[in-house]
Amino acid sequence: MVGGDAAAAVEELVSGVRQATDFAEQFRSYSESEKQWKARMEFILRHLPDYRDPPDGGGRLDQLLSLSMVWANHLFLGCSYNKDLLDKVMEMADGIEVEDLPQFTTRSELMKKHQS
């Protein structure tokens with residue numbers, strides 16, 4: 001009956017992934033493109049077990065959602081944040097593949113180019 005046990009384990013795993021994905025879907029912003037949401041959802045799902053709210057509250061999930069927005073805003077919109085914060089979210093996102101990211105030019109890069 002090993003095959004039946006393996007099939008049950010796979011079904012349980014698939015069910016858990018579906019539940020986590022359905023749970024994360026409620027946090028999608030109406031302005032996020034499919035590519036942005038897919039990347040941010042991967043960020044959220046990757047860290048969700050570590051940021052579940054304790055029974056007494058505590059806002060750990062809010063912290064994770066905020067970190068996911070910082071990462072997405074930096075990646076897709078070119079927003080800048082405190083170095084320590086950016087280091088943290090970039091480390092958290094290590095291994096998440098996002099294709100065709102926009103390229104941004106900073107003000108200092110523009111000024112340097114203009115002065116040349």
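Mentor: N73 touches G78, C79 and Y81, leaving out residues up to four places away in sequence. Contact here means heavy atoms within 4.5 Å. This is a predicted model, where local features need pLDDT of at least 70, side-chain atom pairs count only at pLDDT 80 or more, and totals for chains, interfaces and linings use all residues. Residues are numbered from 1 along each chain as its sequence is written, and side-chain values use heavy atoms, with hydrogens and water left out.

Trainee: With which side chain does N73 make a polar contact?

Mentor: First the idea. A polar contact is a pair of N or O atoms within 3.5 Å; within protein, one must be able to donate a hydrogen and the other to accept it, and residues adjacent in sequence count only if both atoms are side-chain atoms. Here the side chain of N73 pairs with the side chain of Y81, at 3.3 Å.

Trainee: Does N73 count as buried or exposed?

Mentor: Buried means under 20% relative accessible area, exposed means over 50%, and partly exposed lies in between (1.4 Å probe, protein chains only). N73 has 19% relative accessibility, so it counts as buried.

Trainee: How many helices and strands are there in the protein?

Mentor: Helices (H or I, at least four residues) and strands (E, at least two) are DSSP runs, numbered from the N terminus. This protein has five helices and zero strands. N73 is in helix α3. W71 also has its place in helix α3, which spans residues 60-77.

Trainee: What does W71 touch?

Mentor: Its contacts include A39, R40, F43, V89 and M90, with residues up to four places away not counted. W71 is buried because its relative accessibility is 2%.

Trainee: What does the count of aromatic pairs come to?

Mentor: Rings of Phe, Tyr and Trp (its six-membered ring) pair if their centres lie within 6.5 Å; planes under 30 degrees apart count as stacked, over 60 as edge-to-face and the rest as tilted. By that rule there is one aromatic pair. The ring centres of F43 and W71 are 5.3 Å apart and the planes meet at 20°, so the pair is stacked. It links distant parts of the chain: F43 is in helix α2, W71 in helix α3, 28 residues apart. Both F43 and W71 are buried.

Trainee: Which residues of helix α4 are buried?

Mentor: In α4 (residues 83-92), they are L86, V89 and M92. They cover an arc of only 130° around the axis, which puts them on the same side of α4. That arc is taken from the directions from the helix axis to the C-beta atoms. The general idea: an α-helix has 3.6 residues a turn, so residues three or four places apart point the same way.

Trainee: Which residues on the other side of α4 are exposed?

Mentor: K83, D84 and E91 are exposed there. The cover over the buried residues of α4 includes α2 (34-47) and α3. At the start of α4, a side-chain oxygen of N82 comes within 2.7 Å of the backbone nitrogen of D84.

Trainee: Where does D100 lie?

Mentor: D100 is in the loop between α4 and α5 (107-115). Its phi is near 55°, a positive value in a residue other than glycine. D100 counts as exposed because its relative accessibility is 68%.
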